[in-house]
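Hi everyone, thanks for coming. Today I'd like to walk you through some charge pairs, so let me put the model on the screen.

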Amino acid sequence: MTRVTLCQISIDHDPKNNLESVRDALASAPDADLAVFPEATLTRFGRGILDRAEPLDGPFVHGLREAARDAGTALIAGTFEPAGARVHNTAVAVDANGELVAAYRKIHLFDSFGARESELVAPGDAPVVAELGGLRVGLITCYDLRFPELARALVDQGAEAFAVIAAWAGGPFKEEHWVTLARARAIENTMWTIAVGQPPHEDGWGVGRSLLIDPLGVTVHDLGPAAGVRTGKIDKARAESVRKTLPSLEHRRLGVTGS
């Protein structure tokens with residue numbers, strides 16, 4: 001069993017305040033093996049990310065590493081790092097010893113529903129799987145959730161669970177997209193899925209609804225719209241059992257479909 005905490009925390013513009021929120025969330029879940037925080041935990045979205053972006057050896061990630069080490073809990077959180085005239089939207093993975101073990105730069109940028117993330121963010125180019133809390137976790141960020149080929153690439157890299165971090169934009173039916181897509185990625189890959197977003201902000205970012213979904217698509221936890229922290233358990237044996245009943249990954253015809 002891996003104890004996973006969904007940390008649906010409100011995000012401020014000030015990175016120092018957000019680090020305090022990270023520490024508070026970790027303190028409220030002392031038995032967690034892995035804590036997952038939202039996309040953009042560093043600071044809220046907007047043009048301010050260009051000024052607040054930090055390299056991975058900067059004070060924010062250093063603070064995350066200290067927090068993880070002090071709590072004895074691995075964590076995943078979203079930050080922004082400089083990338084020329086733009087930034088990378090980066091998910092960092094830190095182990096329980098405070099070591100930065102992986103960084104995933106968001107591949108698919110949210111140039112949809114009237115938004116233009118690519119004006120501020122440069123895309124990454126490689127899927128990433130990180131060893132955390134006794135699990136091989138495939139990292140997915142927000143709009144990436146709409147691209148099943150990324151999730152499947154993570155499966156092929158040996159992922160045992162997905163961690164989806166998000167600041168999912170609100171709007172008509174958008175919350176349903178979030179829930180439906182998260183469950184779809186779990187079902188089609190028979191994969192535990194941890195999906196953590198920001199609660200709603202007045203600027204339209206965030207829908208909440210952080211989820212822990214089992215490999216059959218059953219929602220184990222749903223945090224609703226309000227800020228909150230909740231811990232659930234990931235049982236690898238559950239995935240093994242589901243895959244014996246539903247061996248769809250074994251049934252892929254790669255020579256025919258190419259994926």
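Is E119 buried, exposed or partly exposed? With a relative accessibility of 48%, E119 counts as partly exposed, since buried means under 20% relative accessible area, exposed means over 50%, and partly exposed is in between (1.4 Å probe, protein chains only).

Some housekeeping: this is a predicted model, where local features need pLDDT of at least 70, side-chain atom pairs count only at pLDDT 80 or more, and totals for chains, interfaces and linings use all residues. Residues are numbered from 1 along each chain as its sequence is written, and side-chain values use heavy atoms, with hydrogens and water left out.

Now, E119 has a salt bridge to R47, 3.5 Å from N to O. That term means a side-chain nitrogen of Lys or Arg within 4 Å of a carboxyl oxygen of Asp or Glu. E119 sits in the loop between β5 (100–105) and β6 (129–132) and R47 in the loop between β2 (34–36) and α2 (49–52), so this pair links parts 72 residues apart in sequence. Helices (H or I, at least four residues) and strands (E, at least two) are DSSP runs, numbered from the N terminus. R47 itself is exposed, at 55%.

Next, R105 and E81 form a salt bridge at 2.6 Å, N to O. R105 belongs to strand β5 and E81 to strand β3 (residues 74–83), so parts 24 residues apart in sequence are tied together. R105 is partly exposed at 29%, while E81 is buried at 7%.

And how many salt bridges are there by this rule? The count comes to 18.
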